[in-house]
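Here's a quick briefing to read with the model open beside you. Have a look at the fold, then go through the points below.

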Amino acid sequence: MYTNLRLAHNIGNVNHSNYHTREQISACNDPIGFDGIYKNVYDNQDILENKSGVMFVMGNYIGRDNKFDLEHVPQLENYCTLTQVKELCDKYDFEIGWHTWSHRNLTTLSDKEILQEVTAPFRTKYFRYPGGVYDDRVIEIVKSVGYEKAYSVTQGVKDMNMPNAQYKIYSDYVDFN
Amino acid sequence: MQSKRELEEWYYPRPDPWDYKTTSDDIYRKRFYLTVLENLGPDFDRALDIGAGEGYITTDLPAREIHGIELSDWAAGRFPENVTRINVPLGKYDLVMTTGTLYKQYDHAKIYEQIMRCANGIICIGGIEDWLLPYDFGEQIESFSFPYREYTGVLRVYKP
């Protein structure tokens, strides 16, 4: 179940690690976990044919834009509506996942705030840590909500025999070539 | 049971007496409810909110026509323009919602009767888990719980 999930955000010709070209996404043979979900993924959906993976949604930004993140990313982008994300999951071999409501660093929050952030408004098995950041306290709360897998991109393990490995899965980016 | 006069004493002195619009847990709660509805709908034809207060949740229900039932005249007088105040359900609704009303201090039996009489789609019951009374609304198709103030908030979705 997606222990080799690759990370991608946007699909477009922008020279930044938050962007992959259509060719780079097409060349990826592993499952892909998209974070966002950015509207440009929806607009380039034809290349998702024969791909699989997870669409990690951020609740507060559904149908909105990424103004909150502009100090980290090169340009303003729109996110999909929930209807558009569900359409992608219906048409292609993707499942919906949760990437918190507000994309805050969970390790800096209270237990109550973490629980609010990780509680999704739909059923899903998959969770992605904002910024890839987690600690033991965050993992315990993510487990308590019922997720089966949780992914990072900045820390974690690839050996699924490690303790709690399914809640600290390390994701590589989709190759940039 | 809380009387209309007691309810008016809450609403009369100032708008938003429970500080829903400025309390992060209530902003979260509202977004949670609406995202659940977006996932279930996304759009409804006729929505009814029973015990709508000042329409804090009601105004953003994803429906073409939105009705609200509210005992307090002061609260209903503050309904946003897109919410129509009614005293009893008018026909059938494909979305019926009530939040924070099926508690022992309110006229829960009347609210339950109204819901069951007019629901023709989904029923959404929100509130504080420990306070909600156990009514039978039919098949429960979704259930969510989340921290809310010092309580556990829930949203349960039924098909009657």
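A residue is called buried if 20 or more other C-beta atoms lie within 10 Å of its own, exposed if 12 or fewer, and partly exposed in between, with C-beta atoms placed from the backbone. By that count, five of the six residues of strand 5 of chain A are buried, so this strand is largely enclosed by the rest of the structure. Helices (H or I, at least four residues) and strands (E, at least two) are DSSP runs, numbered from the N terminus.

This is a predicted model, where local features need pLDDT of at least 70, side-chain atom pairs count only at pLDDT 80 or more, and totals for chains, interfaces and linings use all residues. Residues are numbered from 1 along each chain as its sequence is written, while chains are lettered from A and ligands numbered from 1 in the order in which they are written.

**Confidence**
- The model comes with ipTM 0.93 and pTM 0.94.
- Chain B has a mean pLDDT (the predictor's confidence in each residue, from 0 to 100) of 96, and 100% of its residues reach 70 or more.

**Strand 5 of chain A and its neighbours**
- Strand 4 (residues 32-36) of chain A runs parallel to strand 5 of chain A, joined by five bridges; strands count as paired if DSSP finds at least two bridges between them.
- Strand 6 (residues 93-98) of chain A also pairs with strand 5 in the parallel sense, over six bridges.
- Val57(A) is the bridge partner of Gly36(A), and Val57(A) is also partnered with Trp98(A) in strand 6 of chain A.
- Leaving out residues up to four places away in sequence, Val57(A) touches Ile37(A), Ile62(A), Val85(A), Ile96(A), Trp98(A) and His99(A); contact means C-beta atoms, placed from the backbone, within 7 Å.

**Cores**
- A nonpolar core is a set of buried Ala, Val, Leu, Ile, Met, Phe, Trp, Tyr and Cys residues joined through C-beta atoms within 7 Å.
- The largest one has 46 residues, and Ile37(A), Met55(A), Val57(A), Val142(A) and Ala150(A) have the most contacts inside it.
- Strand 5 of chain A gives the largest share of this core, four residues.
- A second, separate core has 39 residues, including Ala75(B), Val96(B), Cys124(B) and Tyr158(B).

**Helix 4 of chain B**
- Ile111(B), Ile115(B) and Cys118(B) are the buried residues of helix 4 (residues 108-118) of chain B.
- They sit on the same side of helix 4 of chain B because they cover an arc of only 90° around the axis, taken from the directions from the helix axis to the C-beta atoms.
- Over on the other side, Ala109(B), Glu113(B) and Arg117(B) are exposed.
- The cover over the buried residues includes strand 1 (44-50), strand 4 (93-99) and strand 5 (119-128) of chain B.

**Where the chains meet**
- Eleven residues of chain B are in contact with eleven residues of chain A.
- Helix 2 of chain B supplies the largest share of chain B's side, seven residues.

- Most residues other than glycine have a negative phi, and most peptide bonds are trans.
- The Gly36(A) to Ile37(A) peptide bond is cis, with omega near 10°, and Ile37(A) lies in the loop between strand 4 and helix 2 of chain A.
- His103(A), not a glycine, has a positive phi of about 65°, and His103(A) is buried, with 20 other C-beta atoms within 10 Å.

Key: Two residues are in contact if their C-beta atoms, placed from the backbone, lie within 7 Å.
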